[in-house]
Amino acid sequence: MRVFLLLCLLALGNAKPYQSINVMDFMRNYDIMMADSSHEDEDEDNDVDDDDDDYDDNCPAGCQCSPRVVQCSDKGEISVPEKIPEDTVILDLQNNDITEIKENDFKGLHKLYGLFLINNKISKIHPKAFRNMDHLRLLYLSYNLLTEIPANLPPNVIELRFHENKISRIQKDAFKGLMKLHVLELGANPLANSGIGLGAFNGLSTLYIGISEAKLTAVPKDLPTSITELSLDYNKIAKVEIEDFIRYKNLRRLGLGFNQIKYVENGSFASIPSVRQINLDNNRLKKVPPNLNALRSLQVIYLHGNKISSVGVNDFCPVPPSGKKNLYTGISLFANPVKYWDIQPATFRCVTGRRGVQLGNFRK
Ligand SMILES: *[C@@H]1O[C@H](CO)[C@@H](O)[C@H](O)[C@H]1NC(C)=O
C-alpha cells in the first residue's frame with residue numbers, strides 16, 4: 001500500500017509547468033492511511049466527525065469548505081486567511097499571492113495532513129510556523145520565491161516539494177529529524193554542487209530526490225544512501241565516474257537526460273546492480289556506455305539524441321543471454337549518427353516486445 005501511494009504521488013508531482021492540483025485526490029489517500037494505521041495509534045484522529053454539518057458556517061471568508069478540507073485557491077489572497085477550523089486536514093492555498101508565512105498563520109491546526117502553498121510569492125517562512133504539526137505529511141511549496149530551506153520543518157512529513165523556487169544553498173542539517181521523508185523535490189532551483197553543504201541531507205532515508213533543471217556540474221555525492229530514484233535531468237553534468245553512484249546501491253531509476261555527458265567511466269553503474277531504468281538521452285555520448293550488458297535488471301535505457309556512431313553486438317546483452325534477469329523493454333537510439341542498418345539484429349537479442357527498440361530515422 002505504501003509503495004502504491006508513493007507511485008501515485010510521484011506521478012502527480014511531475015507536472016510541469018504549474019498545473020493546479022486537485023487536493024480532493026489526497027483526501028482519499030488520507031482516509032486510506034488513517035484506515036491503515038487505525039490499529040497502531042488509536043488516538044483522536046479516528047473520531048467520527050459528528051459536527052460535519054456546520055462546516056459551512058466555520059468556513060473562512062472567501063474559501064470553500066467541505067468536511068475537513070478548506071480550499072482557498074485562486075483567490076488572490078495576499079496572506080493566509082484567518083479562522084481556519086482546527087479540524088482541517090487539508091488546506092489548499094495554491095495559486096494566490098501570499099508573500100510570507102507568519103508565526104501564527106497555522107496556529108492550532110494540529111490535525112493538518114496536507115498543506116498546499118504552490119504558486120504563491122512566498123519568500124519568508126517564520127521558523128515557528130510549522131510547530132505542533134505532527135500529522136503533516138504533505139508540504140508543497142513549489143513555485144514560490146524561497147531562497148533557502150525553511151527551518152523546523154514538520155517532523156513527520158513524507159513529501160516535501162520545493163520545485164521552482166530560488167534556492168541556491170542547502171545548509172548542513174537542513175532536513176534534520178525528518179525520518180519519514182520519502183519524496184524530496186528540489187528541481188528548478190539555482191542549485192550548484194557548491195551550494196549543497198556537506199551534511200545537507202544528514203539523517204534522511206528518502207526514496208526519491210529530484211534536482212533536475214538546476215546548475216549541477218557533477219552527480220552530488222552526499223545524498224542519502226537510501227535513494228531508489230534520482231532525477232538529475234537538465235543540468236550541466238559533463239561526465240559520469242565510478243565514484244558517482246558508489247553510495248547509492250539501491251538506485252532503481254536514474255535520470256541524467258539533457259546534460260552534457262561525453263563520457264561514462266567503465267564501472268560507473270556496477271555499484272547500482274538493481275537499476276531498472278537509466279535516462280542518458282540528449283547528451284554528447286559517442287559510444288554506448290561500457291558494461292551495460294552486466295546490468296542484469298536493466299530494462300529501459302534511453303540513449304537517443306547523442307552522438308553515438310556505432311553500436312556493438314554485445315553492447316546491451318550479456319554474452320550467454322541467460323545472464324540477464326529482466327529483458328529490456330525499451331532501448332532508444334534514434335537521433336544518433338549511427339547507421340542503423342549497420343547494427344546487427346542480434347544486438348537486441350535480450351529485448352522483449354515489438355516496440356522494445358526505437359531506432360528511428362538517421363537525422364543529421
Ligand atoms: C569494463 O570493465 C569490465 C569489467 O571490469 C570489463 O569486462 C570490460 O571489458 C570493460 N569494458 C571496456 C569497454 O573497457
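Let's start at the ligand: one of its oxygen atoms sits 2.3 Å from an N or O atom in the side chain of N266, a polar contact (a pair of N or O atoms within 3.5 Å; within protein, one must be able to donate a hydrogen and the other to accept it, and residues adjacent in sequence count only if both atoms are side-chain atoms). Taken alone, the ligand exposes 370 Å², and the protein buries 27% of that; these areas come from the Shrake-Rupley method with a 1.4 Å probe. Around the ligand you'll find N266, P290 and N291, counted by a heavy atom within 4 Å.

A quick word on the source: this is a predicted model, where local features need pLDDT of at least 70, side-chain atom pairs count only at pLDDT 80 or more, and totals for chains, interfaces and linings use all residues. Residues are numbered from 1 along each chain as its sequence is written, and side-chain values use heavy atoms, leaving out hydrogens and water.

Now, the whole chain. It has two helices and 18 strands, which are DSSP runs (helices H or I, at least four residues; strands E, at least two), numbered from the N terminus. Of its 364 residues, 48% are buried, meaning under 20% relative accessible area with a 1.4 Å probe, protein chains only.

Finally, please look at N283, in the loop between β15 (277-279) and β16 (300-302). Is N283 buried or exposed? It counts as buried, because its relative accessibility is 5%. Its side chain reaches the backbone nitrogen of I261 at 2.9 Å. Leaving aside residues up to four places away in sequence, N283 touches several others, including L256, F258 and G305, with heavy atoms within 4.5 Å.

Terms used. Buried means under 20% relative accessible area, exposed over 50%, partly exposed in between (1.4 Å probe, protein chains only).
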